[in-house]
Amino acid sequence: MGEALDGAKGFVDKINRHDEMAIELAMSFDHAFIDAAGTRAEGREKADWPGYFKWVPDYRIDVDQWLEDGETVAAFGKASGTFVQGAQRLDENRWEVPAAWRGLVRYGKVKEWQVYCDTHPMKEILTRLR
């Protein structure tokens, strides 16, 4: 297992533990987060994992397959979570989607993290919540 794969696996583990400090330390200062719509957030503070965990407190990444090519890592599996409505986490607001991620890991830090998934199930829930 190479350095990039180790870094990406560790990053996913930190995300699944919702360890905000460890996530921040795993990202490079010039980290870029790219969401499923292609929106790019530059700088690790813009990734806003703390805000996302407040919105989706049980967010989880489950990876079935990893691929590594130099500094680039690809992961395939599913993402899941439940949107909070008010202060409640209701089963009807739970979603699970097949997903893929591309990571660029340089010098042991995640420089880029890109999500690929169908956001339609999540958008349906958010439309209902509004």
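**Aromatic ring pairs and their cluster**

Ring pairs join Phe11, Phe33, Trp49, Tyr52, Phe53, Trp55, Tyr59, Phe83, Trp95 and Trp113 into a cluster. The structure is a predicted model, and eleven aromatic pairs are found in it. A pair of aromatic rings is described by the distance of the centres and the angle of the planes, and two of the pairs are set out below in those terms.

**Phenylalanine 33 and tryptophan 49**

- The rings of phenylalanine 33 and tryptophan 49 form an edge-to-face pair, with 5.9 Å from centre to centre and 80 degrees between the planes.
- Because phenylalanine 33 belongs to strand β1 (residues 27-34) and tryptophan 49 to helix α3 (residues 49-55), this pair ties together parts that are 16 residues apart in sequence.
- Phenylalanine 33 is buried, its relative accessible area being 17%, and tryptophan 49 likewise counts as buried, at 7% relative accessibility.

**Tyrosine 59 and tryptophan 95**

- The ring centres of tyrosine 59 and tryptophan 95 lie 6.2 Å apart and the planes stand at 45 degrees, so this pair is classed as tilted, given that an angle over 60 degrees would count as edge-to-face and one under 30 degrees as stacked.
- Distant parts of the chain are linked by this pair, since tyrosine 59 sits in the loop between α3 and β3 (60-69) whereas tryptophan 95 is in strand β5 (residues 88-106), and the two residues are 36 residues apart.
- Tyrosine 59 is buried, with a relative accessible area of 7%, and tryptophan 95, at 4% relative accessibility, also counts as buried.

Technical notes:
Residues numbered from 1 in each chain as written. Predicted model: local features only at pLDDT ≥ 70, side-chain atom pairs only at ≥ 80, totals over all residues. Heavy atoms only, no water. Phe/Tyr/Trp six-rings, centres within 6.5 Å; stacked < 30°, edge-to-face > 60°. Helix = DSSP H or I, 4+ residues; strand = E, 2+ residues; numbered from the N terminus. Buried < 20%, exposed > 50% of the residue type's maximum accessible area, 1.4 Å probe, protein only.
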